Amino acid sequence: KPTGTASTMVGGIAWGTVCAMALTAVLSAVLAFFISREVVKQEHLGYGVMAILFLSGALAFSASYRRVKRRRLLVFALSAAAFLVSLTALTALFFGGQYDGIFPTAMLIIGGSGTAFLLSARKGTGEKHRKMGKHFS
């Protein structure tokens with residue numbers, strides 16, 4: 001029974017990607033602030049970036065699925081791919097196409113989105129299946 005509150009797949013994926021990019025920018029600024037104030041050592045920058053990418057990947061799926069409200073696996077794949085493509089495009093724009101470390105970035109984004117995918121499946125928010133009646137067996 002449709003409620004009329006779900007949005008299109010493209011709109012939901014775009015919303016999730018925008019939310020994830022915004023979270024990445026905000027958390028990166030916070031990490032840069034902490035490093036400039038020497039609260040976090042510069043040697044630990046890599047760990048902070050990995051945590052940021054993982055959390056942003058999880059947010060990309062969560063925000064997208066909250067909008068789309070159906071086809072959880074497809075939303076997982078498309079939200080992870082859209083966020084990865086947008087980060088790759090920004091890398092090409094700002095760093096002149098130096099794609100160093102794109103594989104770990106992809107794995108962190110897929111891992112974050114996958115974790116959110118599995119946790120949302122555990123909540124039981126998916127589709128309810130009815131048992132078939134005896135006259136169909």
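Read along the sequence, the protein chain runs α-α-α-α, with 4 helices and 0 strands in its secondary structure. The model is predicted, and the chain averages a pLDDT of 85, with 85% of the residues scoring at least 70. Of its 137 residues, 31% count as buried.

**Confidence by helix**

- Helix α1 (residues 9-36) has the highest confidence, at a mean of 93.
- Confidence is lowest in helix α4 (residues 102-122), where the mean is 89.

**Largest pocket**

- The volume of the largest pocket is about 590 Å³.
- The pocket is lined by 23 residues, and those closest to its centre are Val49, Leu53, Leu87, Thr91 and Phe95.
- Each of α1, α2, α3 (72-94) and α4 supplies at least two residues of this lining.
- The helix that gives the most to the lining is α1, with 7 residues.
- By residue class, the lining divides into 15 nonpolar, 7 polar and 1 charged.

**Aromatic pairs and cluster**

- The structure holds 4 aromatic pairs.
- One of them joins phenylalanine 33 and phenylalanine 34, whose ring centres are 6.0 Å apart; their planes meet at 50°, so the pair is tilted.
- Phenylalanine 33 counts as partly exposed because its relative accessibility is 43%, a value between the limits of 20% and 50%.
- Phenylalanine 34 is also partly exposed, at 34% relative accessibility.
- Phenylalanine 61 and tyrosine 65 have ring centres 5.7 Å apart and planes at 10°; this pair is stacked because planes under 30 degrees apart count as such.
- These two residues, phenylalanine 61 and tyrosine 65, are 4 residues apart in helix α2 (residues 45-68), so about one helical turn separates them.
- Phenylalanine 61 is buried, with a relative accessible area of 1%.
- Tyrosine 65 is buried too, with a relative accessible area of 14%, which is under the 20% limit.
- Phe61 and Tyr65 belong to one aromatic cluster together with Phe76 and Phe117.

**Charge over a ring**

- Arginine 67 lies over the face of tryptophan 15, at 4.6 Å from the ring centre.

**Loop between α2 and α3**

- Lysine 69 lies in the loop between α2 and α3, and its phi is near 65°, a positive value in a residue other than glycine.
- Most residues other than glycine have a negative phi.
- The relative accessible area of lysine 69 is 42%, so this residue is partly exposed.
- Arginine 70 has its place in the loop between α2 and α3 and counts as partly exposed, at 37% relative accessibility.
- From arginine 70 to serine 7 the C-alpha to C-alpha distance is 9.8 Å, although the two are 63 residues apart in sequence.
- Arginine 71 is placed in the loop between α2 and α3 and has a positive phi of about 55° although it is not a glycine.
- Arginine 71 counts as exposed because its relative accessibility of 54% is over the 50% limit.

Methods: Residues numbered from 1 in each chain as written. Predicted model: local features only at pLDDT ≥ 70, side-chain atom pairs only at ≥ 80, totals over all residues. Heavy atoms only, no water. Phe/Tyr/Trp six-rings, centres within 6.5 Å; stacked < 30°, edge-to-face > 60°. Buried < 20%, exposed > 50% of the residue type's maximum accessible area, 1.4 Å probe, protein only. Lys NZ or Arg CZ within 6 Å of the ring centre and 35° of its normal. pLDDT = per-residue confidence, 0-100. 1 Å grid on protein atoms, 1.4 Å probe; cavity = no way out; pocket = protein on both sides within 12 Å on 5 of 7 lines; lining within 4 Å. Points joined across faces, edges and corners; volume = space filled by probe spheres on them. Nonpolar A, V, L, I, M, F, W, Y, C, P; charged D, E, K, R; others polar.
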